[in-house]
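Biologist: Please show me the model, and I will ask what stands behind each term you use.

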Amino acid sequence: MAFEPPRRLVRALGETAPDGDDWLEKLPAAAERAVELRELTVERVQVPGGRSSLVVLVRRSDGTQAVLKLAPRRARPESERAALAHWNGLGAVQLLDEPDGAEGVLLLERLHPDVSVRSLPESKALLEAAGTLRRLWVEPPAGHPFETVAERTGRQAEAMRAGAVTDPEVAPLVDAAVAVRGELLAGAPEQRLLHGTFRQSKVLAGDRMPWLAVGPDPVVGESAFDLARLVRDRVEDLVAQPSGASTTRRRIKRLAESLEVDQERLRGWTLFRAVESGVRARRVGREQDAELLLEFAGWL
């Protein structure tokens, strides 16, 4: 079959690699090789799919359903592989094969790709997502290959400062976010393996367990960093509410208490991650997303 990358993927890769990238050009041939090597039968390409990978619904030679995922190097697929192997199906999708020399190719357990916890009422969705996230917070393997929160946020802070130079309007928020990052890193209470990009849409319905996480960009650091992205889920709904700021504060309190995370540390990482995402969205021209995220950050 023709492995045509979904428009969402093409658009997202254009934002992260504006000067061009030959991964998309090589993708159809790479997908064909991966299918033939594993003796898979292709059902369909998942659409709209993700922003960093091609997801293909397949069947293995014994008839079991699976997912073939192909991602470019900058999406850190080998880091994802290492994290999934370490979790071994506890709270996350199961990795089904070992590396075969083809970088960026993963064969995964099939979940229900069209059913995420985001389909649940908001309070129930937060509860189920938080419960899934708790299972992922484990000790990283000895000599782990993962990036740390300090390393990742260090790169992000540099990009944020550069964005503030060309966009003085965001400078006060950037200054606040960078300052709180320094305070948080100075007193980090723990080192856990984290999902890295956790939100409601990353938790899918499964058969082996009711809900399982997918699509990690793993990082090692404190739990509050991981939980911070969940705080702003459905940000468009929060900003549309007259009580959005107070609802956000209650959400921080509820999530911090339910997962035994320090509330102020969660607020701080929520601020940093919202400002970072807002500045990045503005940099690539997603102005509506930027406005929502920066307004949300202003409440913190």
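Modeller: The largest nonpolar core has 70 residues, and V174, L227, L255, L266, W269 and V275 touch the most other members. Helix α10 (residues 263-283) gives the most to this core, with seven residues. This is a predicted model: local features need pLDDT of at least 70, side-chain atom pairs count only at pLDDT 80 or more, and totals for chains, interfaces and linings use all residues. Residues are numbered from 1 along each chain as its sequence is written, and side-chain values use heavy atoms, with hydrogens and water left out.

Biologist: What makes a set of residues a nonpolar core?

Modeller: The members must be buried Ala, Val, Leu, Ile, Met, Phe, Trp, Tyr or Cys residues joined through side-chain atoms within 4.5 Å. Buried means under 20% relative accessible area, exposed over 50%, and partly exposed in between (1.4 Å probe, protein chains only). A second, separate core of 17 residues includes L13, V45, A66 and L70.

Biologist: Which residues is L266 in contact with, leaving aside its neighbours within four places in sequence?

Modeller: Contact means heavy atoms within 4.5 Å. By that rule L266 is in contact with A224, L227, A228, V231, I252, L255, A256 and V261.

Biologist: How do you know at what angle α7 and α10 cross?

Modeller: Axes are lines fitted to C-alpha atoms, for helices over the stretch in contact, and angles run from 0 to 180 degrees between N-to-C directions. The axes of α7 (residues 223-231) and α10 come within 8 Å and cross at roughly 65 degrees. On the α7 side the contact is made by A224, F225, D226, L227, A228, R229 and V231, and on the α10 side by R265, L266, W269, T270 and R273.

Biologist: Why are β1 and β4 said to stand at the edges?

Modeller: Strands (E, at least two residues) and helices (H or I, at least four) are DSSP runs, numbered from the N terminus. Two strands pair if DSSP finds at least two bridges between them. Four strands form an open sheet in the order β1-β2-β3-β4, with antiparallel pairing. β1 (41-45) and β4 (105-109) each have a single partner strand, so one side of each is left without a neighbour in the sheet.

Biologist: What makes β4 mostly covered?

Modeller: Five of its five residues are buried.

Biologist: Which helices pack on this sheet?

Modeller: Helix α2 (residues 23-38) lies across β1, β2, β3 (65-70) and β4, at about 145 degrees to β3. Helix α3 (residues 77-87) touches β3 and β4, and its direction makes about 35 degrees with that of β4.

Biologist: Why is the link between Q94 and N88 called a polar contact?

Modeller: A polar contact is a pair of N or O atoms within 3.5 Å; within protein, one must be able to donate a hydrogen and the other to accept it, and residues adjacent in sequence count only if both atoms are side-chain atoms. The side chains of Q94 and N88 make theirs at 3.1 Å, so the pair falls inside the limit of 3.5 Å. Q94 is found in the loop between α3 and β4.
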